[in-house]
Amino acid sequence: MALRISAKRVGATLKSSSPLCSSNCIVKRSASQAAAAAATNLSEPVRNEIYRDAQLPNPDPASDSATAALVTEQAPFMVKTYVRPPPMFVKGEGMYLWDVENRKYLDFTAGIAVNALGHCDPGISNIIAQQAKTLMHTSNLYHNPWTGALSQILIQKTVESGSMHDASAVFVCNSGTEANEAAIKFARKTGKVLDPSGEKFELVSFNGSFHGRTMGSLSATPNPKYQKPFAPMLPGFKYGTYNDIAGLKELVTEKTCGVIVEPIQGEGGVQVATEEFLVALAARCREVGAVLIYDEIQSGLSRTGTFWAHASLPKSAHPDIITTAKALGNGFPIGATIVNGNVADKIVVGDHGTTFGGNPLGARLAHYMVSRLSDPTLQSDVLGKSKVFMKHFQHLQQKFPELVKEIRGRGLILGLQLTQDPTSIVTAARERGLLVITAGTNTLRFVPSLTIKEEEIEEGMAILEEAMRVVLSPGEQPSGKQVSGEVDSPN
């Protein structure tokens, strides 16, 4: 019964949010709210809250809103693993999202670097509809044409891009953490083949990294916030300092079976590995016979303007394994572990498996994504859009030098290192119609869809500047044109 009530309430809420109401509605409503507040004997805090909401294009849904009612009704049935902001999103198109109450938001998060082609790309929607009517799942007990086709195109596009030159085979799974679990297992198996005594079992990762939340990937993620509740971690993991060449000899030893590293640490604050560090790391891995794993789950699939973030490295620094997910499905859960022949030769039937990985629906969708994301024109556009973001970041750094400390990243995985907690800026931006997220310590992270338009970047950066101004100088009136948030529908 509770589920039926929820469904009816969702439908009723969507119907009551008229798509015909535009920014004119906001202006009229805001004026009437402010006038009503001034004409009553309300307490000063209440009046201030009314005035504040009246001036915001997208104020967060109130505690007595339809959104809050839905959240309250559904919350008891959900494990409390997230603290979410108030809006509840129900529609998406391109770079924009709409919430239950029909507020419109420009999305600079892309589902955390997932929606590389934007929300509800027509080509993706058509493939899902067609394949869902044809064949969705048979299990890996049988062949299907799309698992092999996806594996083939991943290998072809990887080699063509100048990345991992000896890429040989692919294991298709369901997520980034599963791709990393497979990589960890493959490294351990390789170590046992090279040293049957079992002494070559250690895995190395780096402080600031994030590789996932399953126990193997979590053991490679040296962050107490994630590890402490589930300690002890799996044995055999060692942690080093990112970009520290001097420490590699002691860190990576004859006991090391594998090293996993992000060419760009996303969750760690958009920290970029230096070419010198990755070259030295690869050389040390070859010296001791350790498998080198590049976790490109967030940085790969053209997010940096090249198919893989490591494409500019010399062949000597290419990995033995690449892990990928996120953009591979544009929102559909799928991941992949790409290996060279040295690793593939050591994996035999029964060593690893998956129930859903490589199902016809997911594999066909990912095949389409690889085809689209490997397009040189798209990659060139990513580099051009990156320059537009950088121009605005430099402007913000000049305008708010006490706030913006450092600009980081490549392509469309970018970060602004701030001098304070960015939470208030994220909230101010959201209430003005822009979604941004954080990473690391006091870092704003920007991972928009790769198909974002320049005018959408301009729109979002104007909102972000206003949000920063409001947070730093809450009493000042905005200078220049007020950013307006329009409430409309994609239909």
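# Strand pairing, salt bridges and buried residues

Q: Which residue in E3 does Trp98 stand opposite?
A: In this predicted model, local features need pLDDT of at least 70 and side-chain atom pairs count only at pLDDT 80 or more, whereas totals for chains, interfaces and linings use all residues. Residues are numbered from 1 along each chain as its sequence is written, and side-chain values use heavy atoms, with hydrogens and water left out. Within strand E3, the residue that stands opposite Trp98 is Lys104.

Q: How many bridges join strand E2 to strand E3?
A: Helices (H or I, at least four residues) and strands (E, at least two) are DSSP runs numbered from the N terminus, and two strands pair if DSSP finds at least two bridges between them. Strand E2 covers residues 96-99 and strand E3 residues 104-107, and the two run antiparallel. The number of bridges that join E2 to E3 is three.

Q: Is Asn102 buried or exposed?
A: Asn102 lies in the loop between E2 and E3, and its side chain makes a polar contact (a pair of N or O atoms within 3.5 Å, where within protein one must be able to donate a hydrogen and the other to accept it, and residues adjacent in sequence count only if both atoms are side-chain atoms) with the side chain of Lys91 at 3.4 Å. Asn102 and Val90 are twelve residues apart in sequence, with their C-alpha atoms 8.7 Å apart in space. By relative accessible area, under 20% is buried, over 50% is exposed and anything in between is partly exposed (1.4 Å probe, protein chains only). Because its relative accessibility is 2%, Asn102 counts as buried.

Q: How far apart in sequence are the parts tied together by Asp60 and Arg430?
A: The structure holds 14 salt bridges, each being a side-chain nitrogen of Lys or Arg within 4 Å of a carboxyl oxygen of Asp or Glu. In the one between Asp60 and Arg430, the closest N and O atoms are 2.7 Å apart, and both residues are buried. Since Asp60 lies in the loop between helix H3 (44-55) and helix H4 (66-74) while Arg430 belongs to helix H16 (residues 423-430), the pair ties together parts whose separation in sequence is 370 residues.

Q: Which strand holds Glu202, the salt-bridge partner of Lys238?
A: The side chains of Lys238 and Glu202 meet in a salt bridge at 3.8 Å, N to O. Lys238 is partly exposed, with a relative accessible area of 23%, whereas Glu202 is buried at 14%. Lys238 lies in strand E6, so the pair ties together parts 36 residues apart in sequence, with Glu202 placed at residues 202-206 in strand E5.

Q: What is the relative accessible area of Arg445, which forms a salt bridge with Glu267?
A: The closest N and O atoms of Glu267 and Arg445 are 3.2 Å apart. Glu267 sits in the loop between strand E8 (264-265) and strand E9 (271-272), Arg445 in strand E17 (residues 443-446), and the pair links distant parts of the chain, 178 residues apart. Glu267 counts as partly exposed at 25% relative accessibility, whereas Arg445 is buried, with a relative accessible area of 3%.

Q: With which side chain does the side chain of Arg408 make a polar contact of 3.0 Å?
A: Arg408 is found in strand E13 (residues 404-410) and is buried, with a relative accessible area of 10%. Leaving aside neighbours within four places in sequence, Arg408 is in contact (heavy atoms within 4.5 Å) with residues including Gly269, Met390, Leu414 and Thr443. Its side chain makes a polar contact with the side chain of Glu406 at 3.4 Å, while the polar contact at 3.0 Å is made with the side chain of Gln417.
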